[in-house]
Amino acid sequence: MKIFQQLLQLKERKRGFHLITTEIVKALPQSNELKTGICQVFIQHTSASLTINENADTTVRKDFETWFNKAVPENDRSYVHNDEGSDDMPAHLKASLLGSSVIIPIHNGRLALGMWQGIYLCEHRNDGGQRDIIITAWGE
Amino acid sequence: MKIFQQLLQLKERKRGFHLITTEIVKALPQSNELKTGICQVFIQHTSASLTINENADTTVRKDFETWFNKAVPENDRSYVHNDEGSDDMPAHLKASLLGSSVIIPIHNGRLALGMWQGIYLCEHRNDGGQRDIIITAWGE
Amino acid sequence: MKIFQQLLQLKERKRGFHLITTEIVKALPQSNELKTGICQVFIQHTSASLTINENADTTVRKDFETWFNKAVPENDRSYVHNDEGSDDMPAHLKASLLGSSVIIPIHNGRLALGMWQGIYLCEHRNDGGQRDIIITAWGE
């Protein structure tokens with residue numbers, strides 16, 4: 001078995017859900033050397049997250065932003081962590097609800113995403129800046 | 001270290017939460033050859049998901065369906081992605097809240113689930129059809 | 001590639017969110033032998049969970065407890081699984097929302113958590129008792 005790893009810095013995106021599958025695949029071309037394996041994508045932040053969801057209709061990503069803003073509201077008076085902006089504490093909560101990594105099998109030398117699956121960068125802050133990612137792939 | 005991989009098609013289930021631990025274990029008998037390792041189960045869909053929860057009382061799985069239907073309601077007028085049925089956009093959201101994979105250690109040659117842990121297929125659509133799964137296990 | 005695994009029993013903690021990064025790192029010193037790899041931490045329970053979030057300000061962990069208690073209320077009359085205490089069914093739901101494992105890359109021989117990232121034990125029960133964890137690290 002072999003293992004490959006690559007650091008990647010994603011450019012700043014505005015708050016919301018963004019498809020980054022192509023960037024991820026390009027960043028670790030060595031994963032093509034693996035016929036059978038796994039690829040993990042990890043985000044080194046606590047106010048942005050990663051998830052897998054529909055890669056086609058952009059309205060899905062809009063509705064994600066709408067639902068998460070309702071479910072985890074800003075300016076809730078019960079928050080005590082509120083000195084970094086009204087979007088900060090909700091960002092932490094959304095990040096843990098969605099998770100800091102996605103893990104995808106490699107099958108027949110390719111990332112085995114389903115036909116409709118794509119990788120989302122979930123930017124929960126208004127001004128999140130660049131985001132650091134680590135991609136690791138292993139297998140044989 | 002060795003790695004094994006198996007594709008599995010789960011039969012159609014009705015909307016709700018379904019225990020699939022036995023099917024998963026049966027589908028990859030080679031994982032028994034690993035004394036120490038990891039098993040990942042991945043679902044190639046964006047409107048169904050996988051999670052680990054209680055394997056005993058069926059009422060837990062009923063309450064999961066009830067809670068998720070309340071937390072992610074159908075027919076919310078704020079959804080813009082609504083041309084594939086009222087259960088579609090909620091299904092995408094539920095799928096990301098729960099996640100597309102479960103990852104379980106292999107210890108002493110066995111899947112090291114806790115006494116009360118089982119693997120759930122979370123079917124979020126009314127007519128989701130068959131669901132494609134990839135099981136990958138690695139270790140030594 | 002090599003793989004290491006260690007069982008760890010966490011002492012009882014009160015309901016809430018607790019930083020356990022140091023305990024996890026200490027429990028598997030062999031992970032230092034890996035220059036490039038992955039570390040998975042798995043909890044063998046269905047009413048406690050693991051997540052990654054801010055390691056600094058304790059108010060973040062307080063707000064996690066507050067938000068999750070609102071989002072997944074106790075004593076909801078729609079629960080049918082309610083014979084193990086009012087905190088039991090909410091605990092199962094919270095556990096699946098957050099997940100039973102965290103997976104962190106190892107880069108240059110160290111757990112590659114971001115500057116603000118720590119590992120949380122999320123104790124969802126009033127009297128959860130000790131919690132069993134399995135740490136697995138692999139790489140080269």
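Mentor: A definition comes before the questions: copies are superposed by least squares, using the C-alpha atoms of residues whose pLDDT is at least 70 in both. The model is predicted.

Trainee: What rotation superposes chain C on chain B, and which axis has that relation?

Mentor: The superposition has an RMSD of 0.0 Å. The shift along the axis is 0.0 Å and the rotation is 120°. Therefore the relation is that of a three-fold axis.

Trainee: What percentage of the contact residues of chain C recur in chain B?

Mentor: The contact takes 31 residues from chain C and 33 residues from chain B. The copies use different surfaces, and the share of the contact residues of chain C that recur in chain B is 13%.

Trainee: What area is buried between chain C and chain B?

Mentor: The size of an interface is often given as the accessible area lost when the parts come together. Carbon and sulfur atoms give 62% of that area here. The total buried between chain C and chain B is about 2600 Å².

Trainee: Which residue of chain B forms a salt bridge with D76(C)?

Mentor: The rule finds 1 salt bridge across the interface of chain C and chain B. Its closest N and O atoms are 2.9 Å apart, and the partner of D76(C) is K70(B).

Trainee: Which element gives the largest share of the side of chain C that touches chain B?

Mentor: The elements of chain C that give two or more residues to this side include β1 (2-10), β5 (101-107) and α3 (88-98). The largest share is 6 residues, and they come from α3(C).

Notes
Residues numbered from 1 in each chain as written. Chains lettered and ligands numbered in written order. Predicted model: local features only at pLDDT ≥ 70, side-chain atom pairs only at ≥ 80, totals over all residues. Heavy atoms only, no water. Contact = heavy atoms within 4.5 Å. Buried area = accessible area lost by both parts, 1.4 Å probe. Salt bridge = Lys/Arg side-chain N within 4 Å of Asp/Glu carboxyl O. Helix = DSSP H or I, 4+ residues; strand = E, 2+ residues; numbered from the N terminus.
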